[in-house]
Amino acid sequence: MDVDEDLQYRRQVGERVRQIRRQKRLSLQDVESRSEGEFKASVLGAYERGERAISVPRLQRMAHFY
């Protein structure tokens, strides 16, 4: 996967994660609080913007949380 493909993938995953969070009517701070700090608001925001890659195990835990 080249750099452009990686960025596109991170953005697509991030957009979907944001959509799901918003469907649940949760703020970034709500997720941090309800996950007992497992998903920090700042890190979750970076995932959603595609600025940070998320590992598959972490994405699975997030899916379970939602």
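## Helix 1 and its neighbours

The buried residues of helix 1 pack against helix 2, helix 3 and helix 4. Here buried means under 20% relative accessible area, exposed over 50% and partly exposed in between, with a 1.4 Å probe and protein chains only; packing rests on contact, that is, heavy atoms within 4.5 Å. Helices are DSSP runs (H or I, at least four residues), numbered from the N terminus.

This is a predicted model, where local features need pLDDT of at least 70, side-chain atom pairs count only at pLDDT 80 or more, and totals for chains, interfaces and linings use all residues. Residues are numbered from 1 along each chain as its sequence is written, and side-chain values use heavy atoms, leaving out hydrogens and water.

Which residues of helix 1 are buried? They are Val13, Gly14, Val17 and Arg21. An α-helix has 3.6 residues a turn, so residues three or four places apart point the same way. On the other side of helix 1, you can find Asp4, Arg22 and Gln23 exposed.

## A covered helix

Now turn to helix 3, residues 41-49, which is mostly covered, with seven of its nine residues buried. Among them are Val43, Leu44 and Tyr47. Their cover includes helix 1 (3-23), helix 2 (28-34) and helix 4 (56-65).

Note on methods:
Helix = DSSP H or I, 4+ residues; strand = E, 2+ residues; numbered from the N terminus.
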